[in-house]
Amino acid sequence: MSEKLWIFDTTLRDGEQVPGCQLNTQEKIVVAKALEELGVDIIEAGFPISSPGDFNSVLEISKAVTNPIICALSRAVEKDIEVAAASLQYAKKGRIHTGIGVSPYHIQYKLRSTPDAIIERAVQAVKYAKSFVEDVEFYAEDAGRAEMEFLARIVEKAIKAGATVINIPDTTGYCLPEQYGAIIRYLRENVSNIDKAILATHCHNDLGMATANTIAGVQNGARQVEVTINGIGERAGNTSMEEVVMAIKCHHDIPVFTNINTPLIYGTSRLISKLMNMPVQPNKAIVGRNAFAHSSGIHQDGVLKHRENYEIIDPKEVGVLESSIVLTARSGRAALKHHLDALGVHLEGEELREVYEAFLIVADSKRDIGPKDLLSLVGKYIEDSTFIELVKVSYESNGTIKANVELKVGEKTHFATSEGNGPVDAVLKAIEKIVKPQVELEEFLIQAITAGSDDQAKVHMRLMQGERPYYGFSSNTDIVLASAEAFVDALNKIPVKDKVIL
């Protein structure tokens, strides 16, 4: 019979420790509410003793959400615990998460202490936290490198002192899956009162093993996983929530279930990425923009015939509208026909073969094949074409930034002027005065691809129209022009029926 697996989300604590990703209290409340809607069981809202801002965030999050347990982190220090307890005063369900280092490295070099003294501090901290809240979690920091007999001793003492959850962190991401799983199994077999507490995983990704270690922990009896959205966290990051949840959903032989509302995963991922200004890598499992994209002809043909040939997850299960069949020089005839059919151009047999051969020549010279390229290949244009061509861009600054753009849409030329916070903002707003497809600019990345004073900049944009993403790309030595070109490139991929041209 399946058991409940508790999802402990530490995006707002461990995840927020990434340099440059700090959120203010209002932003944290937005994230907390999104995590509540997603179905997270425990939200680690912060480390209250670390700053007045962190204390206030835990306090306000406690007021803002109802269902999840709100957890506050502390060291095994009385003042930490007192401040954590005060921050949880409005929590409907509050938990104090206290602990101490348990590896020889931490005991000798960080804490400059002895094993017996560490156990005494752990017991005192748990007992003191227990005087404030019933739900106390004890973390054995750097358990991945601890001596097993000592780890079992301190875990047993912490449970006896009142700990309801025991967290076994692989703090440095050192363990291999079989090693981490063996630690969980050892504790289950050698701690006499282990049935009185839930064992939790908390794995870091320094060797790329965080998700694998977490699953190994679950397979060996852990029933709480400590994770972050998008796997963000210190150094190489924490265990990715979406990876663990979907791995469990895919593998029915793992006897656990979660309460995560998986169709909300993608939206939550984008929210975190946007608020923390931390782009998701394109090949990131589950939520990367290429996670359900296919460019190889063999794969494309297989997916078009039967999705499960090359996809173990239905994109809709995680909130992605559909798989992407991306046209490249490696695409096959099935993918080309799929895109031509979408444009209302239906070719078969010899006609399709001839167009495909011409397509390969174009694809070898272009990274991104759009509707105009396909229509050119078949020698067929829509009479009232809505294809957008960027003719001219200029901008000036006289106290305010003003941009002028000239677009050719089909056979008509349009002009627009707009002000903005900067030249890129002004140019995009001017374009939107002409083309109003009701899109949201969700991702905007600029990357230098050459070195020197004449750097070539590559711009990538993702526009969202409802739930459907559209991608635009460009490269230019002028960042403003590259941004405008990428924006127009994305707009051109929106179906004709969904564009509004003034």
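Predicted model: local features only at pLDDT ≥ 70, side-chain atom pairs only at ≥ 80, totals over all residues.

Modeller: The structure holds 0 disulfides, a disulfide being a pair of cysteine sulfur atoms within 2.5 Å. Cys 250 is thus placed in none, and the nearest cysteine sulfur, that of Cys 203, lies 20 Å away. Cys 250 has 28% relative accessibility, so it counts as partly exposed.

Local features need pLDDT of at least 70 and side-chain atom pairs 80 or more, while totals for chains, interfaces and linings use all residues. Residues are numbered from 1 along each chain as its sequence is written, and side-chain values use heavy atoms, without hydrogens or water.

Now the helix. Helix α11 spans residues 297-305; helices (H or I, at least four residues) and strands (E, at least two) are DSSP runs numbered from the N terminus. Its buried residues are Gly 297, Gln 300, Gly 302 and Val 303. Their cover includes β11 (293-294), β12 (324-325) and α12 (333-342).

The axes of α11 and α12 are 7 Å apart, at an angle of about 55°; axes are lines fitted to C-alpha atoms, for helices over the stretch in contact, and angles run from 0 to 180 degrees between N-to-C directions. α11 is therefore oblique to α12, as angles under 35 degrees count as roughly parallel, over 145 as roughly antiparallel, 65 to 115 as roughly perpendicular and the rest as oblique. In this contact (heavy atoms within 4.5 Å), α11 supplies Gln 300, Asp 301 and Leu 304, and α12 supplies Ala 334, Ala 335 and His 338.

Notes. Buried < 20%, exposed > 50% of the residue type's maximum accessible area, 1.4 Å probe, protein only.
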